[in-house]
Amino acid sequence: MKAKISVELPKVKLSKFNLPRVQKALTQCLQCGYCIEVCEAHNQTPWESVTPRGKIYYIKAIDTNGMDIVDTALGRKIELSDDFVDAMYKCTGCGNCEVVCHAHISLVDLWEEMREWMFKNGAGPLPAHKGIAVNVKNKHNSFGESPAKRDAWWPADIERAAVPDAIFFAGCTGSYRMQHIPTAGVTVLSRAGVKMNCLGEKEYCCSSPLLRTGNSNLSLECAEAVVEKADGMGAKDMVMTCSGCYKTVSSDFGKYYAKVGQNVYHFSQYVEKLINERKLPLNNEFNAKVTYHDPCHLGRHSGVYDAPRNVLKKIKGVEFVEMEKSRENSRCCGAGGGYKSAFGDLATNIAAERIRDAEATGAEILVTCCPFCVLNLTQGAKKAGSNIKVMDLSQILLQVTAPKEAASKE
Ligand code: SF4
Ligand code: SF4
């Protein structure tokens with residue numbers, strides 16, 4: 001059954017989308033359908049309008065006001081409708097369609113541009129996304145939690161350096177829902193002698209949930225706050241365990257505001273560097289069969305595939321196995337692009353599929369590099385009735401880098 005979308009649709013008369021990227025995609029798409037099979041949103045909602053091909057066809061129909069030859073012959077009137085809004089938001093922004101599209105269409109940018117257009121014209125975002133935007137506006141985080149508690153995860157035994165080597169950016173999920181992940185990240189880096197601090201109350205949402213759902217105005221406010229605070233701290237580097245934050249800060253900030261003045265690293269990259277420089281001793285074994293899930297924002301979107309794998313392979317005792325769908329062909333966990341907040345059950349179903357992929361390898365542990373993926377995959381494991389353990393890379397390193405006597409406790 002189709003979900004009822006409760007957004008007030010604009011009364012504007014639609015004419016051509018005056019967006020160069022959209023126009024280019026409309027002419028590029030060959031309607032071949034190669035993109036359909038890899039689309040997890042379509043696997044959950046098997047309508048043609050949800051497929052990447054169907055979305056483009058739908059956009060084209062609206063762009064021509066339903067005045068192409070077929071529509072005219074059938075007397076069919078095409079207009080902005082609840083179904084169109086629903087189809088545009090039934091997308092995790094995973095980028096899998098872009099990998100297989102042989103017309104080389106920049107599909108992720110296309111979906112985001114369409115959502116931005118919908119936001120500006122009053123047809124988006126969905127109610128759940130509006131709630132997130134209100135939270136970010138009022139409390140600077142997507143959960144509406146107190147900004148004063150933003151850095152409550154910081155480990156009490158680690159000093160916050162006045163002039164740090166690296167700023168640790170925890171992100172909203174890390175700060176308020178999955179605190180053990182940034183706590184582990186900072187603890188691991190401190191064992192390599194890295195002097196760190198965080199932005200504390202001044203850490204704003206990185207703006208990823210806003211950008212992905214079309215709210216570019218508020219994104220600017222977030223980027224401004226983060227850049228201003230970070231650049232005043234004198235650090236050379238910025239490190240984060242969240243893949244969504246990494247993609248946004250490292251590549252989106254510079255597109256619509258300014259880049260941060262630091263070198264931006266995902267935790268997996270920073271740790272690999274520290275291990276290679278012999279600054280981070282791997283003191284303990286981790287005896288388990290392990291597989292790795294590529295977060296879309298770290299893998300397909302940012303091209304970081306090797307660092308997490310290289311780190312895992314350096315750990316004694318790890319038996320590393322790949323899933324069939326890995327690296328650029330990785331199955332999305334289902335959490336991204338505002339999909340989880342709007343279509344929670346469907347997002348958990350996708351995560352359950354990913355758990356089955358992991359189980360097929362015989363692995364006992366599914367490792368990933370993003371608190372939002374850990375959260376969704378853990379819910380997916382529950383739904384799939386699986387005993388596989390989902391862990392962030394930082395949690396494994398917390399055990400492996402511990403002084404020998406503390407390892408078993410951690
Ligand atoms: S980005 Fe992912 S979810 Fe969205 S249309 Fe493409 S394959 Fe489907
Ligand atoms: S693979 Fe590319 S060209 Fe083919 S239908 Fe999908 S978006 Fe269009």
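A residue counts as being around a ligand if one of its heavy atoms lies within 4 Å of it. The structure is a predicted model, in which local features need pLDDT of at least 70, side-chain atom pairs count only at pLDDT 80 or more, and totals for chains, interfaces and linings use all residues. Residues are numbered from 1 along each chain as its sequence is written, chains are lettered from A and ligands numbered from 1 in the order in which they are written, and side-chain values use heavy atoms, with hydrogens and water left out.

**Exercise 1.** State which residues are around ligand 2 and how they divide by class.

*Solution.* Step 1: the residues around ligand 2 are Cys-29, Leu-30, Gln-31, Cys-32, Gly-33, Tyr-34, Cys-35, Arg-53, Ile-56, Cys-101 and Ala-103. Step 2: Ala, Val, Leu, Ile, Met, Phe, Trp, Tyr, Cys and Pro count as nonpolar, Asp, Glu, Lys and Arg as charged, and the others, Gly among them, as polar.

**Exercise 2.** Describe the shell of ligand 1 by residue and by class.

*Solution.* Step 1: the residues surrounding ligand 1 include Cys-39, Cys-91, Cys-94, Cys-97 and Trp-111. Step 2: by class, seven residues of this shell are nonpolar, three are polar and none is charged.

**Exercise 3.** Determine whether Thr-291 is buried or exposed, and what its side chain reaches.

*Solution.* Step 1: Thr-291 has a relative accessible area of 0%, and is therefore buried (under 20%; exposed is over 50%, with a 1.4 Å probe and protein chains only). Step 2: the side chain of Thr-291 reaches the backbone oxygen of Val-321 at 2.7 Å. Step 3: beyond neighbours within four places in sequence, the contacts of Thr-291 (heavy atoms within 4.5 Å) include Phe-320, Val-321, Ala-358 and Leu-366.

Key:
Polar contact = N/O pair within 3.5 Å; in protein donor to acceptor, adjacent residues only side chain to side chain.
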